[in-house]
Amino acid sequence: DKWSHVTEARWGNRRAESSWWAVPVLNRLPPDVAVWHQLRHPLKVITCWSQHRLLTSEGDVHRFVSSALPNLGPSGCGDDVERSTLYWLEWNRMAAAWGQRHPDRYVRYQIEKLNSGHLRQWLQSHLSVDLLESKIEKVMAMIPPGVGSCHHDPSKDVTWEQVESLPFGRE
């Protein structure tokens, strides 16, 4: 099975999945699984993926993404920036579409704007976990800056102008 690497974790008696790899299989999730859609700033993702050539170099990431989005396969569209932009748009659309069908089991947030107040509210409403905000702040303070970000050449950061110049760039 091409999805066998997607595993589940548990938070108490709740199941969870914390990987972007899960997006194509959201429709297969059991009805007790909640999805927290962590949205990262598009330019950060596009810059990372395009500089590392994740969608134009043959490898596991490219094969996996193109199995879910065939237009990003070997004969698919454009250069690294175009492919990475299309990936960001379509991957997030898939997750958001699932969320529209299951609003009681779905939360979307932008990681750059995450704070302890939001996290506490989500933990209470979606997992029935009540933690003091000070405890959440303490844990969040332990996370080193840049976790989950990509090492890249800042002089080659993708700009909004580049994205807007793409055939679908104003989406």
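## The α1–α3 packing

Helix α1 (residues 42-51) packs on helix α3 (residues 80-101) at an angle of about 135°, and their axes lie 8 Å apart. Axes are lines fitted to C-alpha atoms, for helices over the stretch in contact; angles run from 0 to 180 degrees between N-to-C directions. The two helices are therefore oblique to each other (under 35 degrees is roughly parallel, over 145 roughly antiparallel, 65 to 115 roughly perpendicular, the rest oblique). The crossing of α1 and α3 is right-handed, meaning that the near helix is turned clockwise from the far one by less than a right angle.

From α1, the residues P42, V45, I46, W49 and S50 make the contact; α3 brings D80, V81, S84, T85, Y87 and W88. Contact means heavy atoms within 4.5 Å. By class, the contact of α1 with α3 has seven nonpolar, three polar and one charged residues.

## Basis of the model

This is a predicted model: local features need pLDDT of at least 70, side-chain atom pairs count only at pLDDT 80 or more, and totals for chains, interfaces and linings use all residues. Residues are numbered from 1 along each chain as its sequence is written, and side-chain values use heavy atoms, with hydrogens and water left out.

## The whole protein

The protein has six helices and four strands. Helices (H or I, at least four residues) and strands (E, at least two) are DSSP runs, numbered from the N terminus. Their order from the N terminus is β-β-β-α-α-α-β-α-α-α.

Of the 171 residues, 36% count as buried (under 20% relative accessible area, 1.4 Å probe, protein chains only).

Note on methods
Nonpolar A, V, L, I, M, F, W, Y, C, P; charged D, E, K, R; others polar. Buried < 20%, exposed > 50% of the residue type's maximum accessible area, 1.4 Å probe, protein only.
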